[in-house]
Amino acid sequence: MAGGPSSTGSRTDPTQGSPSPWRGASPCWAHGVSVGQAASSIRNLRTHGGTLPDATIVNIALPHIQDALEFSTTDLTWVVSAYTLTFGGLLLLGGRAGDILGRRRVFMTGILVFTLASLLGGFAQEPWQLLAARALQGVGGAIASPTSLALITTTFPEGPERNRAFGVFAAVSAGGGAIGLLAGGMLTEWLDWRWVLFVNVPIGILIAFLTPLYISESKRHPGRFDIAGALTSTLGMASLVYGFIRASEEGWRDNVTLGSFGAAIVLLLAFALIESRAKEPITPLKMFADRNRSGSYVIMLSLAAAMFGMFFFIVLFVQNVLNYTPIEAGLAFLPVTVAIVAGAGISQRLLPVLGPKPFMVTGSAIVALGLGWQTLISPDSSYAGGVLGPMMLFGFGMGLNFVTLTLTAVSGVAQHEAGAASGLLNATQQVGGSLGLSILTTVFGTASRDEGKEQMADFMANASPEQKAAFAKSGELPAPWGHEVLAQGISTAFIPAVAMALLALVTAVVLVRVRKSDLDALSGTASAAGPAGG
């Protein structure tokens with residue numbers, strides 16, 4: 001599950017020498033009281049790829065996908081990671097394509113690719129077919145998504161207007177997550193899990209049809225595509241994620257596991273070398289020169305790593321242990337949306353007064369507390385006692401961070417680099433989520449295997465003949481033994497999730513500073529500023 005406001009990779013400033021991308025829009029349309037309309041309109045025109053609705057609608061269907069296509073729990077993570085890796089890895093390249101080829105043309109291409117991938121995924125009969133479709137969805141999302149946050153960044157000047165715009169954007173994104181949860185539950189329960197993919201087809205066709213009517217083509221800018229950087233980063237992260245997932249199944253000494261980690265090291269080192277020498281790199285390394293911006297990237301990487309795992313495992317717990325229906329599971333997650341909106345609202349209002357550091361520190365600490373609470377989960381945990389409280393803490397802490405991290409990532413950046421700065425934040429979120437989920441899955445796999453040995457011995461000693469016959473047929477331990485295995489694996493997996501949140505907390509404490517220039521920018525009193533210094 002992708003959480004929070006998604007960012008973009010576009011680098012074009014539509015306010016400088018370019019016509020307004022919105023047909024019929026006057027220059028003053030996006031200012032003042034229209035901030036909510038601006039954020040909502042931008043949000044509504046985005047592809048479902050890379051946004052909360054797509055992530056949550058698929059997450060709710062995961063247990064049914066697992067049963068239908070016979071995924072193992074560890075392999076099931078690829079249904080999430082196949083999408084987020086290609087989306088995060090190619091996001092900046094998609095933004096660059098919009099600059100060079102025209103934003104509307106590229107947006108429509110991405111929408112159609114995403115729509116086709118959704119159709120193919122809905123018809124999947126084998127696990128590899130679904131994973132290929134999910135990866136292609138990520139490609140389509142990466143091509144289409146770089147339109148929203150860069151427009152907000154370049155339309156609204158630093159200060160209260162931009163703060164409100166990002167606050168509204170976070171709230172609308174969280175609301176989209178709620179819609180995705182409910183829609184995924186209803187489609188899965190009333191129709192079939194395949195409809196969480198099929199539903200994108202008519203939506204995608206409608207967006208592709210309406211786009212030429214409402215969005216004008218942007219001015220093209222000459223430039224180069226950093227294909228080598230995009231490929232080495234995406235393949236390097238995919239190899240790293242595969243290494244962790246393989247290790248959870250075959251062990252750390254497995255030749256394929258070691259080969260995957262080796263390939264990841266070579267590819268990621270090649271990526272760093274390519275980016276340091278490229279004239280127009282996909283990841284501008286100078287973005288890391290500012291310590292607050294670098295800190296925001298590390299914090300987003302860490303929190304996203306914990307967030308993806310939290311939603312993945314809790315979805316499995318409420319449906320497989322608490323026996324919630326898909327609709328009930330969707331409703332169970334709605335309080336998280338409320339908590340995110342509350343946290344985002346508080347941070348948006350008080351950022352100009354306190355600066356970003358207090359919200360990063362407090363938000364990360366609250367997230368760590370919520371995840372720590374979830375290490376206590378057991379088969380006897382109720383929704384109210386073992387799920388709701390930790391999720392509310394987690395959501396509120398993430399809400400404090402979403403607006404804060406986004407504003408910090410784009411603060412003090414030149415207009416023509418705003419898309420690159422925000423796009424890098426989103427890429428960090430997606431890649432961090434995939435990497436974190438693979439690490440948590442490795443821990444889950446080891447813990448559940450160890451617990452499974454103990455439960456198997458107890459099962460063989462105490463199970464009825466009927467239960468043993470059912471086990472021989474399905475290969476799955478029934479309740480309560482199976483619930484013990486799943487709960488033990490989940491509770492143990494949350495331990496590294498806590499460590500990831502603590503890494504975010506330490507980064508906020510050590511690296512992020514409260515600077516007068518940042519407070520002036522957030523309050524709208526700064527003079528025309530270039531990039532902030534470190």
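**Exercise 1.** Which residues does S294 touch, not counting residues up to four places away in sequence?

*Solution.* Start with the setting: this is a predicted model, in which local features need pLDDT of at least 70, side-chain atom pairs count only at pLDDT 80 or more, and totals for chains, interfaces and linings use all residues. Residues are numbered from 1 along each chain as its sequence is written, and side-chain values use heavy atoms, with hydrogens and water left out.

Step 1: S294 lies in helix 13; helices (H or I, at least four residues) and strands (E, at least two) are DSSP runs, numbered from the N terminus.

Step 2: list the contacts, a contact being heavy atoms within 4.5 Å. S294 touches M287, F288, A289 and L511.

Step 3: classify the residue. S294 has a relative accessible area of 12% and is therefore buried. Buried means under 20% relative accessible area, exposed over 50%, and partly exposed in between (1.4 Å probe, protein chains only).

**Exercise 2.** Check the span of helix 12 against its number of residues.

*Solution.* Step 1: the expected span of a helix is 1.5 Å times one less than its number of residues.

Step 1: helix 12 (residues 255-277) has 23 residues, so it should span 33 Å.

Step 2: the end C-alpha atoms of helix 12 are 33 Å apart, which agrees.

Step 3: look at the start of helix 12, where a side-chain oxygen of D254 comes to within 3.1 Å of the backbone nitrogen of V256.

Step 4: note the buried residues of helix 12, which are T257, S260, F261, A264, F271 and E275.

**Exercise 3.** Describe the lining of the second largest pocket.

*Solution.* Step 1: define the pocket. On a 1 Å grid over the protein atoms alone, a pocket is an open set of points where a 1.4 Å probe fits, with protein on both sides within 12 Å along at least five of seven lines; lining residues have an atom within 4 Å of a point.

Step 1: count the lining. There are 24 lining residues, of which F271, T283, L424, T428 and V431 lie nearest the centre of the second largest pocket.

Step 2: name the elements. Helix 4 (73-101), helix 11 (227-250), helix 12, helix 13 and helix 18 each give two or more residues. Helix 18 gives the most, with five residues.

Step 3: sort by class. Ala, Val, Leu, Ile, Met, Phe, Trp, Tyr, Cys and Pro count as nonpolar, Asp, Glu, Lys and Arg as charged, and the others, Gly among them, as polar. The lining of the second largest pocket has 16 nonpolar, seven polar and one charged residues.

**Exercise 4.** Summarise the chain as a whole.

*Solution.* Step 1: the chain has 21 helices and zero strands.

Step 1: 59% of its 534 residues count as buried.

Key:
Polar contact = N/O pair within 3.5 Å; in protein donor to acceptor, adjacent residues only side chain to side chain.
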